[in-house]
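Good morning, and thank you for coming. Please look at the sequence and the structure as they come up on the screen.

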Amino acid sequence: MGQLYLNKVQKFYGDFEVIKGVQLDVKDGEFIVFVGPSGCGKSTLLRMIAGLDATSGGDIVIDGIRVNDLPPVKRGIAMVFQSYALYPHMSVFENIAFPLRVEKMAEDKIKAKVEHAARILHLEQRLEQKPGMLSGGQRQRVAIGRAIVREPKIFLFDEPLSNLDAALRADMRIELAKLHRQLKATMIYVTHDQVEAMTMADRIVVLNGGHIAQCGAPLELYHKPANLFVAGFIGNPKMNMLPVTCKGTSAEGVLIDYQGQTATLPVDGTRAKAGETLTLGIRPEHLLLDTGDLNVTVVPTVIERLGAQTVAYASLDGKAENFCAMLPGTIGIRPEQPLPLGIKAADCHLFDADGQAFERRVSLTDIDLNLLGTTAA
Amino acid sequence: MREPPQLINRYKWYEILGIYAGIAVFLTFVLAPFVEGFLVSLKPLSQLFSSPYRFIPENGSFEAYYTMWDHVPGFARYIVNSFVISGAATVIVLILVVPAAYAFARFEFRGAGLLLGAFLAVNMFSGAVLLIPLFRLMRSLGVLNTYFAMIVPGVAFLIPSAIWLLRTYMMRIPRELDEAAFVDGASHFYTLRRVILPIAKPGIVVVAITTFIGAYAQQFIYALTFNSKTEYAPLPVGLFAYFGRQEVVWNELMAAAFVGIAPAMIVIFFLQRYLVSGLTAGAVKQ
Ligand SMILES: Nc1ncnc2c1ncn2[C@@H]1O[C@H](COP(=O)(O)OP(=O)(O)OP(=O)(O)O)[C@@H](O)[C@H]1O
Ligand SMILES: [Mg+2]
């Protein structure tokens, strides 16, 4: 069906290694999202899966067949480009029919398939128009239509929504999610929009400098980031980092010291050694206005009131690094007035000197249920 | 409703005056020979050498346009020859240049840069410099005094600039279109035919027009050197027939020149309808 297996896939441009041995197993029907900072190799990896760029090393396996040397059509993939890549001189109908015409399919079958795709994408009224007469969202739908008619095993999307405005992007996000459910095909989706990644993905692959920093379900990445990079990349505003010292480990977790305050963080600390300098991570939305297991006092410099929330940016201990707190929307705080904040030990993330996380003792099923509870309330 | 000009297009009165004065100067230089040529063609021969010289013909008529056909009976043939030579050259150039330009625009192959440089270098020689070697070549091939001798060298010297022109145009077509077609299973030739050619049509028309004009202008030298048969002579050579032994029939010569240009004008007028811009609108988000 639509299984994809990447085995130590590498890509060199000259001496420059862009993709550094990526290992990934994608199940049939999964919605996988590649995220990562600009230039980390998302597009390159996707183009290698598509067959537009050659691999320098490793295997790309689709449904048990090594496809490294096969052209895109033979791989059973279809790709939707960020720039739409529509044929401007052809009508919408001809654009969608293009892959079928290449296959030399019979005219009546082409007509049936294009009309079916147009129905799914709400393009029935536009079939005779040229792409130049369509809006951005409609153009992107035509591009998706061209991918659908081939009934590929795997869909590849390279930032398909990044040219659209925010409102349209939200609509298209929902439509794509629907489409995925309808077609039950494997989809691989590149984006640098976190919301897209979190909402659409079955699994997110976070790429950093050509290797996979972490791969997991959206909430898994949020609650159990495997390293500092993922911790900082997933979540908005970014997670706050505090330097702490390890005082020892126990069955309950790791005992840490932050400027004279001690607390036991419930993480798997078998690797931790007393005396080491560790990094404590706490998300802005987990800071409390009460006292917690640890307490810090910050001086906000900028306060953004978003209505539902108030975001306070502060410097900690007079350092330049911004410390960020996400607080209730109606809170009465002012810039330059000290603000005491509490941190619950259970909310903390802990990373060793190499930036690798100590696994938090939270069960993901609990988190999901908890989240369900809070959204229902 | 007439829209007010955009701010950037607003000029002071003296700026407009300057612009039009500039246009007038250059137009005068370009158009004056045509105007005078046309006026000459209307005058009876006797008036041409009267002094004081008058620009406006006194009892002008289109008589020269009738007598020219009797005076030089082969004239229609010369026009057809010109047309055949230039037309054939244009068609051959297009057939060769379109795939070549696509290859230069899209594929990376060894020697591409070198070849393009060489084409530019060839362009710097006009065919005229190489006439003697070309003549020897034609003679040893035994193709002197044929259409072939007038068409092929022309084609050879028109190809480089045509490739440059069309390559530049094709490079502006987004590469994603090729990639999308490739992902959909299209071969290079299929992509060229169904995607690139239709989008590049305005570029191809420009190449066709410049090639046709180039061939029309060039054929003179080749015809003069490689052809001595009157029945194959193109228009510029044919015009010499109006240079009589004693006198030049100026009014008929001018009339013939205008009649000779007319078919080329018609072709160009016909082609320029395809020079619509904005064909790539909607292809990619810019
Ligand atoms: N043709 C090329 N030659 C040399 N280097 C390249 C080439 N294409 C891409 N790269 C390099 O490969 C790296 C990854 O590029 P890629 O386009 O995959 O990034 P990306 O993750 O898609 O970024 P973005 O989010 O900006 O699209 C970049 O550092 C880029 O400079
Ligand atoms: Mg990219």
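Before I continue, a word on conventions. This is a predicted model, in which local features need pLDDT of at least 70 and side-chain atom pairs count only at pLDDT 80 or more, while totals for chains, interfaces and linings use all residues. Residues are numbered from 1 along each chain as its sequence is written, chains are lettered from A and ligands numbered from 1 in the order in which they are written, and side-chain values use heavy atoms, with hydrogens and water left out.

Let me turn to the interface as a whole. In chain A, 29 residues are in contact (heavy atoms within 4.5 Å) with 22 residues of chain B. The area buried between the two chains is about 2,200 Å², and carbon and sulfur atoms give 65% of it. Buried area is the accessible area, taken with a 1.4 Å probe, that two parts lose on being put together, summed over both. Of the area that chain A buries against chain B, 23% is supplied by A:Pro88, A:His89 and A:Phe98, more than by any other three residues.

There are also four salt bridges between chain A and chain B, each a side-chain nitrogen of Lys or Arg within 4 Å of a carboxyl oxygen of Asp or Glu. One of these pairs the side chains of A:Arg146 and B:Asp184, at 3.8 Å from N to O.

Which elements of chain A give two or more residues to the side that touches chain B? They are helix 2 (72–75), strand 6 (77–80), helix 3 (92–102) and helix 5 (136–148). Helices (H or I, at least four residues) and strands (E, at least two) are DSSP runs, numbered from the N terminus. Helix 3 of chain A gives the most, with five residues.

Next, the ligand. The residues around ligand 1, meaning those with a heavy atom within 4 Å of it, include A:Tyr13, A:Phe16, A:Glu159 and A:His192.

Finally, two details of the backbone in chain A. A cis peptide bond, with omega about 0°, joins A:Asn236 and A:Pro237. A:Pro237 is found in the loop between helix 9 (228–233) and strand 11 (240–249). A:Lys184, a residue other than glycine, has a positive phi, near 55°. A:Lys184 lies in the loop between helix 6 (166–183) and strand 8 (186–190).
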